Amino acid sequence: MNKVVLITGASSGIGLNTALAFIKEGFTVYAAARRIELMKCISENGGNVLSLDLFDDASMIKCVEDIISREGRIDVLVNNAGYGLGGSIEDVPVEEAKKQFDVNVFGMSRMIQLVLLHMRNQKSGRIINISSMAGKFSSPFTGWYHASKYCVESLSDALRLEVKPFGIKVCIIEPGKIQTDWGVIHAANIRKFSAKSAYSENADSVAAWYEKGYSVNKNLSKPEVITKLILKAAKSKFPKIRYQAGKGAKSYPFIRQWTCDKLFDFILAKNLHLKG
């Protein structure tokens with residue numbers, strides 16, 4: 001019997017690539033996202049496409065119930081959906097910050113809650129949470145995103161021990177810089193909220209840094225490197241707790257861990273061309 005996998009945020013980038021890879025590996029794939037029209041290639045390759053809105057609890061409940069009604073089980077949940085909110089802590093409206101956490105933290109957590117009943121009953125399951133190297137350090141004008149990924153890390157660590165007695169394993173994937181449009185979108189968010197504020201000069205420098213780094217993708221890692229880790233986490237009998245891949249995924253957290261706060265601030269400020 002094929003194992004059943006549910007992948008959120010599967011309409012583009014890592015999520016889309018991962019859904020197609022799981023299909024090739026023989027899994028029964030359910031790919032979920034708001035923009036179902038972008039997932040046509042998944043259904044054409046034998047996958048199943050579901051509508052999912054992480055702002056809507058009814059949508060999340062229906063997504064899981066639809067899979068259970070068809071398959072009777074969910075073996076793997078890949079919490080991939082997420083986005084990066086940019087702008088200074090002062091400039092970003094609290095309502096926007098709440099949306100960031102609604103998707104990256106509370107949407108992920110609610111999906112976990114909904115599948116756990118079924119995984120506990122079947123006494124097995126694998127939950128794979130897509131975090132980021134951003135969950136290991138912080139940087140200016142990306143604070144709300146970093147904070148959400150810190151939450152992913154800590155919630156995953158707690159969850160891992162809670163569900164262990166039920167035969168359920170929890171893995172964390174920490175991507176570095178990947179060839180997606182994430183950085184360009186993030187730069188646009190920084191400009192949206194901080195381009196005309198008191199922080200405009202440094203905000204512009206940081207936005208330009210992201211635009212340059214993500215517009216010229218030659219030095220970035222391909223989404224496939226993260227897909228390989230997700231597959232490994234899903235298939236391994238004894239998976240690692242954390243997997244890292246992609247440009248900077250290991251080096252940035254390593255530098256943060258082994259430098260004092262003031263030195264790390266200096267390194268960031270110089271790298272991002274910050275004033276003051």
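**View 1. F238 in the loop between α8 and β7.** F238 has its place in the loop that lies between α8 and β7, where helices (H or I, at least four residues) and strands (E, at least two) are DSSP runs, numbered from the N terminus. F238 is exposed, with a relative accessible area of 67%, given that buried means under 20% relative accessible area, exposed over 50%, and partly exposed in between (1.4 Å probe, protein chains only). The C-alpha atoms of F238 and K169, which are 69 residues apart along the chain, are separated by 9.0 Å. This is a predicted model, in which local features need pLDDT of at least 70 and side-chain atom pairs count only at pLDDT 80 or more, while totals for chains, interfaces and linings use all residues. Residues are numbered from 1 along each chain as its sequence is written, and side-chain values use heavy atoms, with hydrogens and water left out.

**View 2. Q100 in helix α4.** Q100 belongs to helix α4 (residues 94-122) and counts as buried, at 0% relative accessibility. Its side chain reaches the backbone nitrogen of L85 at 2.7 Å. Leaving aside neighbours within four places in sequence, Q100 is in contact (heavy atoms within 4.5 Å) with Y83, G84, L85, V105, W144, Y145 and S148.

**View 3. The open sheet of 7 strands.** The strands of this open sheet follow the order β3-β2-β1-β4-β5-β6-β7, with parallel pairing, where two strands pair if DSSP finds at least two bridges between them. β3 (48-51) and β7 stand at the edges, each with a single partner strand, so one side of each is left without a neighbour in the sheet. Between β1 and β2 the parallel pairing runs over 5 bridges, and the bridge partner of I7 in β2 is A31.

**View 4. The largest nonpolar core.** A nonpolar core is a set of buried Ala, Val, Leu, Ile, Met, Phe, Trp, Tyr and Cys residues joined through side-chain atoms within 4.5 Å, and the largest one here has 30 residues, those with the most contacts inside it being F22, V78, I128, I173 and I230. Among the elements that each supply at least two residues of this core are β1 (4-8), α1 (13-24), β5 (125-130) and α8 (224-235). Not counting residues up to four places away in sequence, I173 touches several residues, including I128, I130, L229, I230 and Y243. Apart from this core lies another, of 29 residues, among them L6, Y30, L50 and L52.

Conventions: Polar contact = N/O pair within 3.5 Å; in protein donor to acceptor, adjacent residues only side chain to side chain.
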